[in-house]
Amino acid sequence: MKGNKHALVIIDMLNDFIGPQAALRCENGEKIVPNIKETVNFAHAQGIQVVFVQETHRKNDADFRVRPVHAIKGTWGSQFIEELQPDESQGDYIVQKRRHSAFSYTDFDLFLREEAIDTVVLTGVWTNVCVRSTASDALYHGYNIICLSDSTASQDDDMHRSGLRDIGLFGEVMTTEDYITRAKEKFPVESAI
């Protein structure tokens with residue numbers, strides 16, 4: 001496991017992607033909520049930075065030319081799901097984005113550099129779109145990439161596997177359990193803070 005300082009990144013676990021009333025529902029995304037919660041709890045206990053990425057579009061966003069209207073800033077759809085809420089008391093950080101990648105026209109890279117983070121640990125939806133785009137941009141910006149295969153999801157298994165296959169070309173892909181086990185060995189509490 002490369003890197004010295006990790007950030008756990010939760011991508012687009014929002015009302016407009018998760019749940020039966022979601023405008024762009026990722027049904028498999030509902031299955032990964034427990035794994036992401038476990039990883040967030042672990043990160044908080046270990047002093048690992050947690051970053052919540054929130055898609056927030058303007059009303060007439062160009063993105064809606066190719067996809068249905070979703071996650072308009074300030075609406076229920078752009079809010080984080082109830083089970084995965086940022087915790088300010090733990091130092092969780094929120095990155096708002098309007099494009100697929102968390103790096104695209106945001107302060108994500110600046111924040112990671114200010115915190116001396118060299119590795120992003122990716123979770124969330126969609127593996128083959130926003131997770132993959134964020135992973136690619138992380139590579140371009142010089143970060144190490146870890147993607148948690150059972151804490152990411154797409155609409156179907158083929159899309160998910162395709163995203164993981166692409167990310168695996170330049171990053172590490174592992175399960176949530178493997179990450180937690182390896183991170184405990186590499187980052188005991190006293191050295192993570």
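This is a tour of selected side chains, stop by stop.

The model is predicted: local features need pLDDT of at least 70, side-chain atom pairs count only at pLDDT 80 or more, and totals for chains, interfaces and linings use all residues. Residues are numbered from 1 along each chain as its sequence is written, and side-chain values use heavy atoms, with hydrogens and water left out.

**Stop 1: D92**

Select D92. It sits in the loop between β2 (49-55) and β3 (93-97). Helices (H or I, at least four residues) and strands (E, at least two) are DSSP runs, numbered from the N terminus. D92 is buried and has no salt bridge. Buried means under 20% relative accessible area, exposed over 50%, and partly exposed in between (1.4 Å probe, protein chains only). A salt bridge puts a side-chain nitrogen of Lys or Arg within 4 Å of a carboxyl oxygen of Asp or Glu. The nearest side chain of opposite charge is K37, 13 Å away. Lys and Arg count as positive, Asp and Glu as negative; His and the chain ends are not counted.

What does the side chain of D92 make a polar contact with? Show H44: its side chain is the partner, at 2.7 Å. A polar contact is a pair of N or O atoms within 3.5 Å; within protein, one must be able to donate a hydrogen and the other to accept it, and residues adjacent in sequence count only if both atoms are side-chain atoms.

**Stop 2: salt bridges**

The structure holds 7 salt bridges. Select K97 and E55. Their side chains meet at 3.0 Å, N to O. This pair links distant parts of the chain, with K97 in strand β3 and E55 in strand β2, 42 residues apart. K97 is buried at 1% relative accessibility. E55 is buried too, at 0%.

Move to R132 and D166, a salt bridge at 2.8 Å, N to O. R132 lies in helix α3 (residues 127-140) and D166 in helix α4 (residues 157-168), so the bridge ties together parts that are 34 residues apart in sequence. R132 is partly exposed, at 30%.

**Stop 3: aromatic rings**

A search of the whole structure finds 5 aromatic pairs. Select Y93 and F111. Their ring centres are 3.9 Å apart and their planes are at 0 degrees, so the pair is stacked. Rings of Phe, Tyr and Trp (its six-membered ring) pair if their centres lie within 6.5 Å; planes under 30 degrees apart count as stacked, over 60 as edge-to-face and the rest as tilted. Y93 is in strand β3 and F111 in helix α2 (residues 108-114). Y93 is partly exposed at 25%, whereas F111 is buried at 9%.

Next, F103 and F108. Their centres are 4.7 Å apart with planes at 50 degrees, so this pair is tilted.

**Stop 4: cysteines**

How many disulfides are there? The count is 0, with a disulfide taken as a pair of cysteine sulfur atoms within 2.5 Å. Select C26. Its closest cysteine sulfur, in C130, is 10 Å away, too far for a bond. End at C147, whose sulfur is 13 Å from the closest cysteine sulfur, also in C130.
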